[in-house]
Amino acid sequence: MSALLSLKNVWVEYGDKVVLEKVNLEVAEGAFLSIIGPSGAGKSSLLRLILGQETPTRGTILLDGQPLKPECGPDRGVVFQRYSVFPHMTVLGNVTFGLECPAAPFAARLFGTARRKAEAEATAMLEAVGLGDSLHLYPAQMSGGMQQRLAIAQALIKRPRILLLDEPFGALDPGIRADMHGLITRLWRDYSLTVVMVTHDIKEAFTLGTRVLALDKRRHDPHAPHRYGATAVYDLPLRGPPVPAPEPETAPEPVAATN
Ligand SMILES: Nc1ncnc2c1ncn2[C@@H]1O[C@H](COP(=O)(O)OP(=O)(O)O)[C@@H](O)[C@H]1O
Ligand SMILES: [Mg+2]
């Protein structure tokens, strides 16, 4: 099985500070990959790379065997810990907007039949995340858990294949978090998603993930803490779908980009 997403010798550097080094990662379609690691290890940076918001300073990222396009495409959706919804739009407006934007990029507004169709689609997605009764609320009128449900609906309305989650439940109370775990597991199955989730919560990583990746530094220079970056120090497959087998090493190493 070839990987949906493949990172080959990926580095992230800011000036002389190395954040990530030699990250090699193959993610199978349908996997639920949990990423853990200490604060500052580069977990969010790794998600930004997969999202296409940032490019690696060295190495290559392939999606379906093709170089990742430099912009965030509709094939990837993302949910952050908080503040990713538009506060001036209703719940329904927030999700419909995701359909309006690509359909009418200049006016970002749909009318008539097209608008009703978009609203029906957005309503169905909001029902799927449990917000069917809250279509006309504004984010400020909702709890943190409901706002994260909205953020998930917003990410999924474009029907991404990969859902990226950056500590999405970290700000929620434990009881609410358990509900969200049920929700995300159901959406992962129902929409055949590939999920990459960063979390601080090790139990969450192991409960939800089919695989857990730990990012940390392998080497430290006490005189120059910026000199070495983090990499995958543990990569634990827990249950199917399996980690794809590495490609046979027939082709020469790709030449590292040095932009
Ligand atoms: N744009 C940037 N310029 C310089 N340093 C950055 C930038 N973005 C992130 N960093 C640094 O990269 C390191 C990793 O950050 P981040 O990916 O947010 O870590 P994590 O999500 O694991 O806590 C941190 O030391 C952070 O200060
Ligand atoms: Mg982070």
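This is a predicted model: local features need pLDDT of at least 70, side-chain atom pairs count only at pLDDT 80 or more; totals for chains, interfaces and linings use all residues.

Modeller: Helix α4 covers residues 144-156, and its 13 residues, at 1.5 Å a residue, should span 18 Å. The end C-alpha atoms of α4 are 18 Å apart, which agrees.

Biologist: Why is α4 called largely enclosed by the rest of the structure?

Modeller: Ten of the 13 residues of α4 are buried, so the helix is described in that way. Among them are G145, Q148, R149, L150 and A151.

Biologist: What makes T199 buried?

Modeller: Buried means under 20% relative accessible area. T199 has 3%, so the term applies. T199 is found in the loop between β8 and α6. Leaving aside neighbours within four places in sequence, T199 is in contact with I35, I36, E167, E204 and A205.

Biologist: What makes the approach of the T199 side chain to E204 a polar contact?

Modeller: A polar contact requires a pair of N or O atoms within 3.5 Å, one able to donate a hydrogen and the other to accept it. The side chains of T199 and E204 make such a contact at 2.7 Å. The T199 side chain also reaches the backbone nitrogen of D201, at 2.9 Å.

Biologist: Why is I202 called partly exposed?

Modeller: The term covers values between the buried limit of 20% and the exposed limit of 50%. I202, in helix α6, has a relative accessible area of 49%, and is therefore partly exposed.

Biologist: Which residues make the nonpolar surface patch?

Modeller: I202, F206, Y234, L236 and L238 make this patch of about 450 Å². Helix α6 and strand β10 each supply at least two of its residues.

Conventions:
Residues are numbered from 1 along each chain as its sequence is written. Chains are lettered from A and ligands numbered from 1 in the order in which they are written. Side-chain values use heavy atoms; hydrogens and water are left out. Patches are made of residues with over 30% relative accessible area and no salt bridge: like charges are joined within 9 Å, nonpolar side chains (Val, Leu, Ile, Met, Phe, Trp, Tyr) within 5 Å. Accessible areas come from the Shrake-Rupley method with a 1.4 Å probe; for residues, only the protein chains shown count as cover. A salt bridge is a side-chain nitrogen of Lys or Arg within 4 Å of a carboxyl oxygen of Asp or Glu. Helices (H or I, at least four residues) and strands (E, at least two) are DSSP runs, numbered from the N terminus. Buried means under 20% relative accessible area, exposed over 50%, partly exposed in between (1.4 Å probe, protein chains only). Contact means heavy atoms within 4.5 Å. The expected span of a helix is 1.5 Å times one less than its number of residues.
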